[in-house]
Amino acid sequence: MGEQWSLADLAAAYAYPDPLPAEGWLRANMVTSLDGAGHHGGRSQPLSCPADMRIFGVLRALADVVVVGAGTVRSEEYRPARRREEFAAARAAAGQEPVAAIAVVSAGLDLDFSRPLFTEPVVPTLVVTGEAAPPERLAAARAAGVGIVFAGDGPTVDPARVRTELAALGYRRQLTEGGPGLLGRFVTAGVLDELCLTVSPRLTAGDAGRIARGGDGVEVPRELEPVSILEEDGFLFTRYTSRPANR
C-alpha cells in the first residue's frame, strides 16, 4: 500500500455498491490481533497503525452515518466526524452531508450530552433507541439538539430495524465501528452486509474479547465472500461481503 495507495485509490477500493439497496448497506470496520483480541486495555488504538487509521478515515468519509454502541462511545471517548476537504466535492456530488453523522445505539441513553460528540458536530449526532426509552433521557437528548431515531417498540433496540430506520431517513451508506456487543447483535440478526477487518500483526494474550460477541449467536456459522486484501507493514486490511454487491 504505502504511497501506491492514495486517498482516491482507497475511496475507489472501498466504494459502496452502486446502486445502493433501498434498505441500506451496513458495513463494519474492526481490528483484531493475531490471537483474536478485539481491543487491548479496552481500546482499539494499541492494535492499530497509520495505514489502519488512514483507511478508518476513508471509510468515514464515504459513509452517510457511523453507527456505534454507547459503551464504545464512552470507552473510546468518541468525537464527531471531522470535515475532510479531500472528500468535500465527492460528498457534495453524491448529495451527502459534509461529514457522516454519528448514530449512537443506546437503550437507556446513559450518555453525557455535554460531550463534544453532542455539542460540536458538523451535522447533528443521532441516538438510536427504543420507543420506551426513559422519557427524561429522551428530553435531555432533544434539549441538546440530538436527533432521535426509534428502532424498537419497547425499551430495547431491534438490530434488524437499525439499518432500515436509518436508511428511511436517507442514511443508506452505513458504517458501524462496534463495539463487539453491537456487532454481535447485527451478525445474529443477519443484517451485516460487509466486514472490513484489519488483522494486526500483534499478540496480546489476556482476556480481551473478540470483535463480535453476545446475542443468541447464529445456528450455522455464516460464510462471507472475500472482496479484497491489502497489506502494509505486516497489517492485513481485509474486506468481506455477505451478499452480492452490484458495482
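The chain has eight helices and nine strands, where helices are DSSP runs of H or I of at least four residues and strands are runs of E of at least two, numbered from the N terminus. This is a predicted model, in which local features need pLDDT of at least 70 and side-chain atom pairs count only at pLDDT 80 or more, while totals for chains, interfaces and linings use all residues. Residues are numbered from 1 along each chain as its sequence is written, and side-chain values use heavy atoms, with hydrogens and water left out.

The radius of gyration of the chain, 17 Å, agrees with the value near 18 Å that a compact globule of 247 residues would have; the radius is taken over C-alpha atoms, and the globule rule is 2.2 Å times the number of residues to the power 0.38. Along the principal axes, the C-alpha atoms fill a box of roughly 50 × 45 × 35 Å. Of the 247 residues, 47% are buried, meaning under 20% relative accessible area with a 1.4 Å probe and protein chains only.

Helix α7 covers residues 159-168, and its buried residues are Pro159, Val162, Arg163, Leu166 and Ala167. These lie on the same side of α7 because they cover an arc of only 115° around the axis, the arc being that of the directions from the helix axis to the C-beta atoms. At the start of α7, a side-chain oxygen of aspartate 158 comes to within 3.0 Å of the backbone nitrogen of alanine 160. Just after α7, glycine 170 has a positive phi of about 100°.

The largest pocket has a volume of about 1,100 Å³. A pocket is an open set of points on a 1 Å grid over the protein atoms alone, with protein on both sides within 12 Å along at least five of seven lines, and lining residues have an atom within 4 Å of a point. The volume is the space filled by probe spheres set on the points, which are joined across faces, edges and corners. Of the 44 lining residues, Ser44, Phe56, Glu76, Tyr78 and Glu177 are the closest to the centre of the largest pocket. Helix α2 gives the most to this lining, six residues. By class, the lining of the largest pocket has 16 nonpolar, 16 polar and twelve charged residues; Ala, Val, Leu, Ile, Met, Phe, Trp, Tyr, Cys and Pro count as nonpolar, Asp, Glu, Lys and Arg as charged, and the others, Gly among them, as polar.

The second largest pocket holds about 480 Å³ of space. Its lining has 20 residues, of which Leu183, Val187, Ala212, Val218 and Arg222 are the closest to the centre.

Key
1 Å grid on protein atoms, 1.4 Å probe; cavity = no way out; pocket = protein on both sides within 12 Å on 5 of 7 lines; lining within 4 Å. Buried < 20%, exposed > 50% of the residue type's maximum accessible area, 1.4 Å probe, protein only. Polar contact = N/O pair within 3.5 Å; in protein donor to acceptor, adjacent residues only side chain to side chain.
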